[in-house]
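Dear colleague,

Please find the structure below, handed over for your records. My findings follow it.

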2 protein chains.
Amino acid sequence: MAETTLSEVPEEDFLRLDQQICFALHAASRAFNGVYRGALKELGLTYPQYLVMLVLWEHGELPVKRIGEHLRLDSGTLSPLLKRLESAGYVERRRSTEDERSVTARPTAAGAALRERARAVPRGIAAATGLPLDRVRALREELHALTRALDDAHPPPLPPPA
Amino acid sequence: MAETTLSEVPEEDFLRLDQQICFALHAASRAFNGVYRGALKELGLTYPQYLVMLVLWEHGELPVKRIGEHLRLDSGTLSPLLKRLESAGYVERRRSTEDERSVTARPTAAGAALRERARAVPRGIAAATGLPLDRVRALREELHALTRALDDAHPPPLPPPA
DNA sequence: CACAATTGAGTTGCACACAACTTAATGGCG
DNA sequence: CGCCATTAAGTTGTGTGCAACTCAATTGTG
């Protein structure tokens, strides 16, 4: 049972195994998304919008570029998303004075207030996973390593944040 | 260091931990998607289209409903996706004669031939993960359990396949 | 047998992701 | 200084994912 290397797996099983692992990650991500969707509905946030707010709550004002580095997202995704967060009244955007190319985003008063209401979210999610926190942490580390390896094999447009 | 229960984590760290774990899964899924995108480009398939073809290669002709159960996807996603696979010449769709509500899909000759070209894909992906197959299998199991737990806490429209 | 509830596909609308492109500003570099 | 490569946002187009809906076929029930 110690078949650890790729060459020891019979060719016939490979497509099936591939289906299992790539599907598993895909499905888990969407299942997570679904649980967050329910938890975030009353806050008026989508899951990616919540990720952006988490970054802004932690760091305050940030250029779009920096947000993208934290979340591994590019301007093609962030620009319309931030526009929606702005029209929802949760963030303000402002073109930087030092560098006119850069646009920074920061939580408004309503956005900051939203943080208090959001405090209830993570506990509910953690409970829904049914996993002890140690396992959650371990899983997080494993997924980080996996993401790093995959991005390394297929470098994304965004270099990982320094 | 044996803080396993939720109640032992300070409230202040919760939003940050939440960001880390939910982001980790989200990012890993997208990183995987990116690697597949590169590997599948020459086959003319997207990642979800590849998942559908894997199911059809394994099971032959299947109703849309069954495909959805295997992949945890509903008709809102599968209908247009199958239409694209059909216009690409990889699958045929046919309304069932026994139950006129049901539509089945199966690989065409070109779709079946594609399977041979697809054999090269999984090895490349497995190599890109940088993980030994044992770890991949363990991760798969963990993600399956996680998906089940999350779907249980927030039942999706699709019941898990029997 | 009639008829309401259910089921399977499909459609519509919205919000990501991401490639490819455009535009404007900045930073070298001769 | 002048000019070009680089950089940051934003835009466009395509393909999911999913909620909410429509429509037709089927099933269950009195």
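The contact between the two protein chains takes 70 residues from chain B and 68 residues from chain A in this predicted model. About 7300 Å² is buried between chain B and chain A, and carbon and sulfur atoms give 65% of that area.

Two salt bridges are counted between the chains. In a salt bridge between B:Arg135 and A:Glu142, the side chains meet at 2.0 Å, N to O. There are also eight residue pairs in polar contact between chain B and chain A, both residues being at pLDDT 80 or more. On the side of chain B that touches chain A, H1, H2 (47-59), H3, H5 (109-118), H6 (120-129) and H7 (133-153) of chain B each supply at least two residues. H1(B) provides the largest share, 24 residues. By type, this side of chain B divides into 40 nonpolar, 14 polar and 16 charged residues.

Of the atoms of DNA strand C that come within 4 Å of the protein, sugar and phosphate account for 79%. For B:Ser75, a polar side-chain atom lies 2.6 Å from a base nitrogen of DNA strand C. The residues of the surface near DNA strand C comprise seven nonpolar, nine polar and 12 charged.

Yours sincerely

Notes:
Residues are numbered from 1 along each chain as its sequence is written. Chains are lettered from A and ligands numbered from 1 in the order in which they are written. Side-chain values use heavy atoms; hydrogens and water are left out. A residue is near a molecule or strand if one of its heavy atoms lies within 4 Å of it. A polar contact is a pair of N or O atoms within 3.5 Å; within protein, one must be able to donate a hydrogen and the other to accept it, and residues adjacent in sequence count only if both atoms are side-chain atoms. Ala, Val, Leu, Ile, Met, Phe, Trp, Tyr, Cys and Pro count as nonpolar, Asp, Glu, Lys and Arg as charged, and the others, Gly among them, as polar. Contact means heavy atoms within 4.5 Å. Buried area is the accessible area (1.4 Å probe) that two parts lose on being put together, summed over both. A salt bridge is a side-chain nitrogen of Lys or Arg within 4 Å of a carboxyl oxygen of Asp or Glu. Helices (H or I, at least four residues) and strands (E, at least two) are DSSP runs, numbered from the N terminus.
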